[in-house]
Amino acid sequence: MEATDRDLTTATPEHATPAHGAADAGVVVHGLGMRKRPSNWSRLLRNGKARLGAGLLIVIVLSAIAAPLISPHDPAKQNVRDKLAPPAWQSGGSWDHPLGTDQLGRDMLSRILYGGRVSLLVALFATIAASILGIVLGVLAGYFGGYTDAVIMRIVDVQMAFPSILLALAVMVMLGPSFRNLIIVLAVSSWVFFSRVIRADVLVIRHREFVTAGEAIGATNGRLIVRYIFPNLVGVITVVATLTIARVVISEASLSFLGLGIQPPTSSWGLMLSEGRQYLSVAWWITTFPGIVLMATVIGVNLLGDALRDILDPQLSHEG
Amino acid sequence: MQRYIIQRLFHGIFVLFGVSLVTFFLIQLTGDPAAAMLGPDATPDEIQELRERRGYDDPIVVQYVRYLSSIARADFGTSHLYNQEAFSLVVERVPATFELTIAALVVTLLFSVPLGIWSAVKRDSMIDRLSAIFVFGNQAMPVFWAGILGIMIFSIKFGWLPASGRGSLKHLLMPAIVLGLHSAAYQTRLLRSAMLDVLNADFVRTARAKGLREFVVINSHALRNALIPLVTATGIQFASLMGGAVITETVFAWPGVGRLAVQAINNRDIPLVMAATFFFALTILVVNLLVDLSYGLIDPRVRVD
């Protein structure tokens, strides 16, 4: 059977150029007399996984952004008379609190909307910080090799020898829980994923002809890295960043769940799950709804990440 | 081979050295390690006494060397939470964590091996699709939420399984399944893609061409070649479970090393945190070494040197 594990078998005539399915999917091939491949954008728009993932994310992100406009209540407002009210469709529930209320009578829907802002912002900042750290160290290790590489990779090894959640917990205790520290901790426990993948890519790209050519015409190291190598990393960075966001959303929730992430009265999905834990037997909705939204977010990000990986960097597909 | 083992041991020692640097640095970050070691109830006199006894006023390099030598003797100090030698506390909890880890591994393999093979062999079939959905859903599910849902359904709603604690097989069942299924998603995906690679290889075509039964082709020709990534992943999983069952152990109040570490962290019990951290790092290093060495056994083509 001639099956490849890539999704290009549904080739339209446009797809059937010699460049298709090559490992170089992210590399521009102009001037070689080939017909132009459809742009990555249009391939992304035609990808079912990408559309589903992006759709989910757009809904979640927009509702988090619009939280002040669409929340039915103040997320922090306590109302003891209404505490532990079930969702609207259960007996005893009312449409005033569509998803019910928590142990302090706070509106679940509003808290989920506002909690999303915190969870998503933490994930975004932590991923950006992790990617900067990981890219710089990964490029340095791959480009310069030798001692630089050895030192950086040993740091990676040390980091990998800690269970990441434990390291994060320990650092949080030392630094004290706060929004900023949470981002630092999450970034520190995620940069290795960037640096490992990027180092491996740089090792290959470093010895391509166009880099050698650049060297031959006297380009400096800085120029070679920024102008020659970096543009070829954009695909893999996008993919790893997307998948890291998903991982970070879960890590933040886990840390908040263990009491060392976001601190009350601010709320995140993970903290809501944690708070609802004591009320499992009387109020299933406190843990169920934030959990569902959290899961939908991660599924959305992962779907999009998978689609991006198929399109931008088919080689990564095999690493699961 | 011997040379490789020695090389890897050196590498391991180097990494442990790095771990010690990080933990030392972390202790320094907390401010006064004497205060941290004695806990919140200590009087200033007690703290000063310990500072002098432990030499916390010495130059930092001297302190670090002393710290290293105490680690080498597995002397992390006394846990103020339990008022016991920290490392022995960790060692006491190892059996519980080990039990959970093995049980979770069994669940993972029982689930992922058949599913991974099947979804590769019957690619794009119903099974393949269902397994893809399982993998996706599972990856998105934080393990603590899976645990909470399990408790909600099986303990609170149906009352079939105990929600927490250790003792009987019933206690083990839910944590093991939650933890096992969690990593089963990754293993399934990995085995599927390894099998897909192998199934297209020439030797599999040859095996088919000479008329072997499909069962033999898949199990003795294809699967054996797809095992390497699975062994790596299982080794990594074992190591990370030994250390990373932190959350599962907390959710189910499982009395293992992970839960002990969380308790220690929440109570700022520095000696205990250090002892647990070193135990984890050591476990991960040893397991990774064993995994690397096992390649040669599974696939004679792999020469470790």
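How are α4(A) and α5(A) oriented to each other, roughly parallel or oblique? In this predicted model, the axes of α4(A), residues 108–144, and α5(A) come within 7 Å and cross at roughly 140 degrees, and α4(A) and α5(A) are therefore oblique to each other. Axes here are lines fitted to C-alpha atoms, for helices over the stretch in contact, with angles running from 0 to 180 degrees between N-to-C directions; angles under 35 degrees count as roughly parallel, those over 145 as roughly antiparallel, those from 65 to 115 as roughly perpendicular, and the rest as oblique. On the side of α4(A), the contact is made by L137(A), L140(A), A141(A) and F144(A), and on the side of α5(A) by G146(A), T148(A), D149(A), I152(A) and M153(A); two residues are taken to be in contact if their C-beta atoms, placed from the backbone, lie within 7 Å. Six of the residues in this contact are nonpolar, two are polar and one is charged, where Ala, Val, Leu, Ile, Met, Phe, Trp, Tyr, Cys and Pro count as nonpolar, Asp, Glu, Lys and Arg as charged, and the others, Gly among them, as polar.

Residues are numbered from 1 along each chain as its sequence is written, while chains are lettered from A and ligands numbered from 1 in the order in which they are written. Because the model is predicted, local features need pLDDT of at least 70 and side-chain atom pairs count only at pLDDT 80 or more, whereas totals for chains, interfaces and linings use all residues.

The secondary structure of chain A comprises 13 helices and zero strands, helices (H or I, at least four residues) and strands (E, at least two) being DSSP runs numbered from the N terminus. Of the 320 residues of chain A, 45% are counted as buried; a residue is buried if 20 or more other C-beta atoms lie within 10 Å of its own, exposed if 12 or fewer do, and partly exposed in between, with C-beta atoms placed from the backbone. Among the contacts in chain A between residues at least 6 apart in sequence, 68% join residues at least 24 apart.

Between the chains, 35 residues of chain A are in contact with 42 residues of chain B. On the side of chain A that touches chain B, at least two residues each are supplied by α5 (146–160), α6 (164–175), α11 (234–257) and α13 (284–312) of chain A, and the largest share, eight residues, comes from α13(A). The residues of this side of chain A divide into 23 nonpolar, eight polar and four charged. Helix α5(A) also takes part in a packing with α1(B), in which the two axes come within 9 Å and cross at roughly 75 degrees, so that α5(A) and α1(B) are roughly perpendicular to each other. Here R154(A), D157(A) and V158(A) of α5(A) meet F14(B), V15(B), G18(B), V19(B) and V22(B) of α1(B), and by class this contact has five nonpolar, one polar and two charged residues.

Chain B is divided by its domain assignment into domain 1 (2–87) and domain 2 (93–298), the bounds coming from an automatic or database domain assignment. The C-alpha centres of domain 1 and domain 2 of chain B lie 33 Å apart, and their contact takes 19 residues from domain 1 and 17 residues from domain 2. On the side of domain 1 that touches domain 2, the elements giving two or more residues are α1 (2–29), α2 (33–38), β1 (78–79) and α5 (86–121) of chain B, with α1(B) giving the most, seven residues. By class, that side of domain 1 of chain B has 12 nonpolar, six polar and one charged residues.

Elsewhere in chain B, α5(B) and α6(B), residues 126–139, pack at an angle of about 130 degrees with their axes 8 Å apart, and α5(B) and α6(B) are therefore oblique to each other. Their crossing is left-handed, and the contact is made by L115(B), W118(B) and S119(B) of α5(B) and I127(B), D128(B) and S131(B) of α6(B).

A226(B) is placed in helix α10 of chain B, residues 214–244, and counts as buried because it has 22 C-beta neighbours inside 10 Å. Leaving aside its neighbours within four places in sequence, A226(B) is in contact with L191(B), A194(B), M195(B) and V198(B).

How values were computed: Left-handed = near helix turned anticlockwise from the far one by under 90°.
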